[in-house]
Amino acid sequence: MTTEMEKAGIPVAQVTPMTLVAETVGSNRIIRGRSIVHPLGDVDLAPEEEHELRRMLVQRALDALASEDRTTA
Amino acid sequence: MDFGSKTQLEGTRLQIYVEELRRCILQDRRLQSVDLEIARPGESCRAGYVFDIIEPRAKEPGSGANFPGILGPVTPVGQGVTHVLRGAAVTVVDGGQPGGELGYESRRGGVSKILEMSGEAAKRSSYGDLQHLVMVPRAHPDIKRHAVLNALRVASCRAAVFLAQTALSQLPDSTLDFELKGPKSGNGNLPRVAYIGQIHGHQHGTESDEHILYGANTRGMMPTPLHPNEWMDGAVVTSYSWGGRGLETYFYQNHPIIGELYRLHQSGQANFVGAIATISSDQESEMKRNSMMAAQIAKWNLGADGVVLTKYAGGAPHTDMFETARQCEALGVKTVALTSDTASDSRAESALLINTKEVNAIVSHSEGSDVRFQLQTVDRIIAGNSEVADILSGLSVLTPAALCGIANNQGASRLQPIIY
Amino acid sequence: MKVVHYLNQFFGGVGGEEFADTPPNFLEGPVGPGNLLNQILPEGSQIVGTIVCGDNYAVENQQDIVSFVNAKVKEARADLFVAGPCFNAGRYGMSAGAVCEAVKSESDIPVVTAMSEENPGVDVYRGEVLIVDSGSSPANMRDVLVRIANLGAKLANDEPVGPPSTEGYIPQGFLRAEFVEKTAAQRLAEMLMAKLKGESFEPEIPVTTFEPIPVPLMTTEIAKAKIALVTDGGLVPRSNPDNLPRAFSRVWGAYSIDERPKLLEEDFEVAHGGYDNAHVQQDPNRLVPVDVMREMERSGAIGSLHEEFLSTTGNSNPLENSRRIGREMAQRLKDAGVDAVILTST
């Protein structure tokens with residue numbers, strides 16, 4: 001899905017725990033998600049900490065979007 | 001094939017009066033001597049490095065010149081009658097090519113091409129079952145290298161004609177007809193097919209006296225339409241640069257692809273409308289121009305629906321061929337290209353230097369770099385010089401790329417890459 | 001031959017998706033499908049031990065699982081290592097490939113696994129590891145195990161392995177030159193005629209499908225951009241109005257976020273059969289981060305959050321499906337003037 005959107009010219013930041021797959025398929029901007037069952041969360045953290053984690057990952061995604069280079073972060 | 005007291009052909013037995021042949025070759029005053037030997041199928045014999053292999057052929061007088069632009073005047077060829085000594089070959093060994101790294105030191109004059117007459121390598125080679133007249137012309141020491149090469153070329157053609165002229169007064173054992181009506185011909189239902197073949201790669205340089213097309217050196221050559229018969233009848237010979245990848249004049253004379261397109265034509269499956277000779281340039285702008293022009297000629301002058309493309313060995317010609325194919329596809333002319341495996345890691349995804357999805361029909365003659373022939377010591381080595389003789393006698397293993405007639409770039413190869 | 005077998009929590013009999021976090025466990029002898037494999041193995045060969053590990057654990061702790069497997073393989077002095085069959089299970093396929101590759105390089109023993117051609121593990125590991133083509137249906141189990149046993153025995157005995165079509169494995173992408181009946185010229189003529197007639201043909205060197213895509217650049221700065229959220233984790237409004245299936249989805253949905261500050265548990269559910277949905281169900285923002293995006297909107301870090309999120313189920317989806325869905329989504333997003341996307345995959 002990511003590569004088709006990119007082909008249409010839309011910058012995409014893909015958050016996924018399976019970064020190797022995303023790389024092989026050719027996604028350009030990849031952010032390592034926390035876990036398959038909660039890519040942008042973590043049940044082991046307290047709610048405020050989890051929220052902070054989510055903010056950090058989303059920020060990473062935005063930074064990747066702003067960047068002109070291929071990124072895996 | 002035998003040496004004897006007269007030069008004559010009796011049925012399938014060719015007798016050669018060696019002194020007469022020698023006098024013929026030594027007409028070229030640049031040469032001081034020429035070694036002449038016969039190598040037969042199965043004999044424990046190895047010859048190298050090979051400059052060229054040519055089938056003995058002679059035009060019936062009045063049918064056109066033999067090797068126009070090389071041995072004589074430039075006249076059209078590809079019509080009339082040509083006599084062929086099928087089962088024989090003239091093999092010219094380059095006395096001036098140095099040894100070292102299997103002869104790779106000097107690309108001018110070809111690289112490590114070895115003719116093996118016995119063993120597994122001979123069985124797999126298209127030349128293994130032919131009678132070879134093997135010649136080693138030796139030039140005077142002060143003759144420049146380009147002139148030596150020119151002398152080799154002339155000698156190869158002279159010998160080929162000399163042998164085949166024995167057939168002029170005889171009835172042939174069999175005949176083959178090659179006739180095409182050309183691009184104007186109708187029969188609208190049949191797909192129209194053509195051949196686009198590179199006949200030289202300029203990335204290795206070209207001598208001004210190098211004979212390639214009707215004797216011309218092809219410098220600055222733009223895509224040139226040819227009748228397929230011209231290709232097969234002495235208008236085209238190989239240039240000095242082979243890049244070590246299977247090209248001999250023998251397979252211009254017996255062009256596998258032109259032969260297949262004729263077969264499609266004669267069996268009523270397709271209309272063979274013509275051929276285009278191209279060169280591979282060493283300049284990108286020229287490459288783009290030539291690719292475009294070849295595609296345009298195929299589309300508009302030949303009206304081709306589909307073409308087969310071959311290259312002249314090497315990476316730049318590979319790019320050239322793919323660009324030509326891409327241009328053809330863009331004009332609606334469907335393409336099939338003959339390529340070689342350029343990957344050093346044997347991986348399918350690295351095998352094509354260029355990847356354009358329109359050029360999706362690929363046949364690979366596969367240099368067979370993972371194929372190994374074990375060689376036995378041979379009784380007779382025919383070498384250009386003692387350096388090469390030492391190398392040849394010490395060989396134990398060779399890959400198809402180093403041998404004549406196995407990984408042939410002109411379509412005779414029976415190697416195919418299988419994906420594992 | 002002494003064989004060590006690797007299975008996930010499901011085939012290892014531990015349980016379903018809820019047990020995907022199970023750490024690795026070593027059991028003596030064969031387990032689950034290993035019992036059948038044991039019968040198929042040649043005389044004198046047997047599965048001496050089985051490693052069972054949860055799919056999530058394996059993917060998220062790859063180093064651990066690799067060390068664990070390597071240690072057990074060495075202890076057992078195994079002659080052959082088999083992982084799977086994984087069929088369509090993507091995490092399972094990735095882990096099977098990873099442990100096979102690790103065992104191969106660490107212990108230098110033959111390794112074999114099996115999965116369907118669409119499994120993401122194929123593209124990543126096919127070059128290093130022999131992967132039997134299992135297809136997607138576990139109904140093929142016996143046939144798949146027979147091929148695994150066959151190839152395993154050949155590798156262990158150093159016998160040459162035949163071409164993919166004969167032996168039933170997924171081509172690894174290695175080219176080997178072989179002598180064939182037809183000349184290149186004959187093959188060219190045949191291919192030309194097939195192409196002209198519109199018939200199918202196979203190029204002798206495959207033209208690769210994953211072309212690199214140039215990085216699309218932002219046309220506005222992030223602080224002014226409209227960003228959309230997309231997911232293939234199957235998040236849908238309660239009652240799944242578009243009937244997103246739990247796998248092999250051909251459809252996708254666009255769901256309104258309105259002015260919501262975040263996504264609430266009671267409004268959404270998860271239609272994706274490939275992972276344990278509990279955590280995302282409890283807090284959907286763990287998949288579609290509306291809460292954080294709203295904050296970014298308020299603080300000016302982004303221009304705006306697009307008013308809907310797009311969702312589908314990425315479970316076992318054939319590439320062609322995913323590509324089409326991606327194209328359709330792209331169209332909708334472009335029409336809505338979206339500048340960029342954050343796409344969350346599970």
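1. To start with a term used below: a polar contact is a pair of N or O atoms within 3.5 Å, where within protein one must be able to donate a hydrogen and the other to accept it, and residues adjacent in sequence count only if both atoms are side-chain atoms. Keep in mind that this is a predicted model, where local features need pLDDT of at least 70 and side-chain atom pairs count only at pLDDT 80 or more, while totals for chains, interfaces and linings use all residues. Residues are numbered from 1 along each chain as its sequence is written, chains are lettered from A and ligands numbered from 1 in the order in which they are written, and side-chain values use heavy atoms, with hydrogens and water left out.

2. Have a look at C:Gln172, in the loop between helix 7 (164-167) and strand 7 (175-179) of chain C (helices, H or I, of at least four residues and strands, E, of at least two are DSSP runs numbered from the N terminus). A polar atom of the C:Gln172 side chain sits 2.9 Å from the backbone oxygen of C:Arg126. Leaving aside residues up to four places away in sequence, C:Gln172 touches B:Tyr420 as well as C:Arg126, C:Gly127, C:Glu128, C:Val129 and C:Leu130 (contact means heavy atoms within 4.5 Å). With a relative accessible area of 14%, C:Gln172 is buried (under 20%; exposed is over 50% and partly exposed in between, with a 1.4 Å probe and protein chains only).

3. Now the cysteines: the count comes to 0 disulfides over all chains, taking a disulfide as a pair of cysteine sulfur atoms within 2.5 Å. For B:Cys157, the nearest cysteine sulfur is that of B:Cys24, 11 Å away, and B:Cys157 is buried at 0% relative accessibility. C:Cys53 is also buried, at 0%, and its closest cysteine sulfur, in C:Cys86, is 12 Å off, too far for a bond.

4. A cavity here is a set of points on a 1 Å grid over the protein atoms alone where a 1.4 Å probe fits but cannot get out, and lining residues have an atom within 4 Å of a point. The largest cavity holds about 80 Å³, and its lining includes B:Arg57, B:Lys59, B:Phe67, B:Met232 and B:Asp233.

5. The second largest cavity holds about 60 Å³. Of its 13 lining residues, B:Ile196, B:Gln198, B:Thr278, B:Asp320 and B:Thr324 are the closest to its centre. In chain B, strand 12 (192-201), strand 14 (271-280), helix 7 (284-301), strand 15 (306-310) and helix 8 (315-330) each supply at least two residues of that lining.

How values were computed: 1 Å grid on protein atoms, 1.4 Å probe; cavity = no way out; pocket = protein on both sides within 12 Å on 5 of 7 lines; lining within 4 Å. Points joined across faces, edges and corners; volume = space filled by probe spheres on them.
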